[in-house]
Amino acid sequence: MNEHFRIAQKLGLMFRPEETLPTDIKRWAIKQLQSPSPSLGIGNVGSDVKPWPKIFQPSLDEKAVKLRIHWETTKRERKKEGGFTEAAQRANDRDNLMYKKDILRFSHRNVYGSDQLRLRLMSFWANHFTIGSFDSREVIGHAMEEAILANFNDSFSTMLYKVTTHPGMLSYLDNHISAGPNSNQVRWAKANGEQAGLNDNLGRELLELHTVSPSANYTETDIRNAAKVLAGWGIDIKGNPLSSLMDQGGTTNLWDMYKRNWAEPGNKMVLGKTIGTGKGGLKQLTDFLAAHEHTVMHLSTKLAEHFVSDVPNKTDVNYIASAWRQSNGNLDQIHTAVIERAIASKEPKFQLPMTWLFQVLRLSNATYFMGWNEINTSNNSLKFNMQPMQIFDELGQNLWAERQPNGYSSKKEEWMSGEMFERRIRFADSIWTSDSQIQSTSVIMDRIGASKETRKLVESLHGMSSRSKKNQFIALMCSPELMGLENA
Amino acid sequence: MPNYKLTRRDFLKASGASLFLAGIPLQGFTQDKPPGKISVIILEGGMDGLSAVPAFGDPNFEKMRGILVPENYLKLNSFFGLHPSLKNLSSLMASNNASIVHATSFPYKKRSHFEGQNLIQGGGLTPFSEKTGWLGRSLELAKIPGRALSLEMPLILRGYGENDNFFPAKINNSSKININLVEKLTAAHGKLGSDVFEKVKQKSLLTLENMPRDPQSLAEYAGKAMAKKDGPTASVIRLSGFDSHASQDDGNGNDHGIDLAKIDGVIAAYKRGLGGAWDNSIILTITEFGRTVAVNGTRGTDHGYGSAGIIAGGAISKSRVISDWPGLAKNEQYEQRDLMSTIDYRSVCAACIEKSLGLDHDLIASKVFFEPKLPRVFDYLFS
């Protein structure tokens, strides 16, 4: 592959046919960090690419309103009030649930957006800060865009705080129901013979996965104290009327929900650092953890494993870590260092199934995801009736799936399975078959500067039939070069 | 049939299950068959052994567990009971087709899911020390030739050269895989990629029926496949949802009872599928750790150490609860918080391998678990 596409593969999502290739690819890559693209997509299969309608990009408040309506309607339906019917339930889901549109918008952005590097980094951080529960799915897309992507030109500590306090994360790791052992809530509960108190789910993963990692040798006391700092943060995002939000948190803003009566009074010690009492304690903790040397090394390694090489060398990791330290965790500087190392390393990087799918779609200019007007209707054209959720489930990589908080591995050994490879063949087939206007294999090969070996592979399947043309397309997309693997 | 009502939420949770089959003999290959079949149910998240198998005879049990004591638990003996969601297991215990090992764990005390999950599958001495898994190494040692048929390849089965995974695709507009295409891809890739495409080629020669993806159907499917004349020797099913930090207290089959009922249903489905092959089969659960003895603040339990293991199958001839009970008083708990582990669960796995694959214990101890002095507990389980 030529240098443009080699770098777009490692760090981005490949250039679409209509995109002009930049003259200086490295400068372009770094400039990407400052070049957001609107959410582009299609309303219907075959219609022009344009920005997503505002009404399908609800704020967290608007999402909360919809969830409240959904929940109230569901309760009435269950009580058989107001003529419960399957149709009413479908209408309730269609009007008030948002995750399907969020996944479609995410997919469209990745296929049509001009900010391919930012989107790759968004997926990396969304996977690092996995929110993987059914209860949180309506706000996962919001967390990705507003807690992660929106903070790219800020610091890691800002991102960490915004993610940690995001209602999706707080409910995924059970923090919204955790109360300090000496809080008013626990006192009242005990007086009434009820159970209330702490759980350490988010406290543990904040240390183990999100920041310092087990290499920091924290103790169970550190974990428990982190959980005490977190106690009081979060609330059930659908079950509470506005008056209850005001009563408990003094605000209706779900992203700033701190229930004083659930908080643990007093200072807490985490990894030797004294964290003060009250709402400000969490920011103190996340700032401390964000700058911790073990966080710097843990995340520099993880970034290098994802973008540079499965087994990054010390130089790669130290280069990123040193940019981290020198900039006090400025994400622009960290990401720039990642870009520089990824370009300097000539090693191919195996592309995970989701990234690969977006790359195939961008290279081939195929329409594969349905339009936003079609998401809740059964499209008559059989070709486009796979829901995005189903597509990612079948691929084996779905940022909206129920899953464990450690997220997907960046290492190829975790993805080397016959079934996973079979899906690549099947998806390449499905993409080719779904869109007859697709870019021809030879045009794609010329544009990316396909290697001799890749051309030989494609040529070996030469034939006049449409089936041969399809097999050539599949072979290109499943070639070592486009999967990011070594040749024979 | 499921013994609980499947709500939409549960369906979505359940769909996270995956199945792995291993040790399917190659066509035309004849060799002495291993004496039995082995299936492992991985309980992801850390199962609360004291919820599944309450030690109601312990003087501190009620005091320590409070609201987590299930109301209608099923009695096993004067000391142990079973969670009311484990009805099928209870009848297997009554018919001498199941046993419990309690206060047991892999040798891992640091309470991280991800280190723990790696260790219980890798079977090495420390997390992330092994690139292969204990079941994969066992199959390799037993020289069971052939091909194994999930979406990814779990660590527990790696190390067995011919392993393959299986999870039927549902992708619109994709037709039967073209053999010539796969052969060309196999030739074009380096060793890593071509080994995998080689498996795709074998797969494309199979006709796979359309199958549902819920855990019980997967288990029944696995049982049927294993019961066939040249069927697989081993299978692995992974169940999620055992990380019960919150709301695990309801003894009425809701909350955590739903997850426990999944284990119960999977064992029942294996039995249905295995049919006559049940008689020489062993099914065992593994989990990365147990949980705190005391209930936490959110009606759940946090990560701990000792848990319980469930072993079922016709290869068992006498049901027992095997335990060197450590007690539940504060000073009897591990670090004054978790159920202590007094039995190394690797010994239990070793006994199940010995019984099903016919391998010698010392060989399993040294070559599968790298622990030549691993105690042999075979007689407790199978005599």
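Contact here means heavy atoms within 4.5 Å. The model shown in these views is predicted.

**View 1. Helices H6 and H12 of chain B cross at roughly 130 degrees.**
Residues 134-141 of chain B form H6, and residues 361-368 of chain B form H12. The two axes come within 10 Å. An angle over 145 degrees would count as roughly antiparallel, and 65 to 115 degrees as roughly perpendicular; H6(B) is therefore oblique to H12(B). Their crossing is right-handed. From H6(B), the residues in contact are B:Trp134, B:Arg137, B:Ser138 and B:Leu141, and they meet B:Leu363, B:Lys367 and B:Val368 of H12(B). Sorted by class, the contact of H6(B) with H12(B) holds 4 nonpolar, 1 polar and 2 charged residues.

**View 2. Helices H16 and H17 of chain A pack at an angle of about 160 degrees.**
H16 spans residues 314-326 of chain A and H17 spans residues 331-344 of chain A, with the axes 8 Å apart. Because of this angle, H16(A) is roughly antiparallel to H17(A). H16(A) passes H17(A) in a right-handed crossing. On the H16(A) side the contact involves A:Thr315, A:Asp316, A:Tyr319, A:Ile320, A:Ala323 and A:Trp324. The residues they meet in H17(A) are A:Gln333, A:Ile334, A:Ala337, A:Val338, A:Glu340 and A:Arg341. The contact of H16(A) with H17(A) comprises 7 nonpolar, 2 polar and 3 charged residues.

**View 3. Helices H2 and H6 of chain A cross at roughly 55 degrees.**
H2 covers residues 25-32 of chain A, H6 covers residues 116-128 of chain A, and their axes come within 7 Å. H2(A) and H6(A) are therefore oblique to each other. The crossing of these two helices, H2(A) and H6(A), is right-handed. H2(A) contributes A:Trp28, A:Ala29 and A:Gln32 to the contact, while H6(A) contributes A:Gln116, A:Leu117 and A:Arg118. In the contact of H2(A) with H6(A), 3 residues are nonpolar, 2 are polar and 1 is charged.

The size of an interface is often given as the accessible area lost when the parts come together. For chain B and chain A, the area buried between them is about 5,200 Å², with 56% of it on carbon and sulfur atoms. Chain B supplies 62 residues to the contact and chain A supplies 69 residues. Between chain B and chain A there are 4 salt bridges.

Definitions and conventions. Residues are numbered from 1 along each chain as its sequence is written. Chains are lettered from A and ligands numbered from 1 in the order in which they are written. This is a predicted model: local features need pLDDT of at least 70, side-chain atom pairs count only at pLDDT 80 or more; totals for chains, interfaces and linings use all residues. Side-chain values use heavy atoms; hydrogens and water are left out. Axes are lines fitted to C-alpha atoms, for helices over the stretch in contact, and angles run from 0 to 180 degrees between N-to-C directions. Helices (H or I, at least four residues) and strands (E, at least two) are DSSP runs, numbered from the N terminus. Angles under 35 degrees count as roughly parallel, over 145 as roughly antiparallel, 65 to 115 as roughly perpendicular and the rest as oblique. A crossing is left-handed if the near helix is turned anticlockwise from the far one by less than a right angle, and right-handed if clockwise. Ala, Val, Leu, Ile, Met, Phe, Trp, Tyr, Cys and Pro count as nonpolar, Asp, Glu, Lys and Arg as charged, and the others, Gly among them, as polar. Buried area is the accessible area (1.4 Å probe) that two parts lose on being put together, summed over both. A salt bridge is a side-chain nitrogen of Lys or Arg within 4 Å of a carboxyl oxygen of Asp or Glu.
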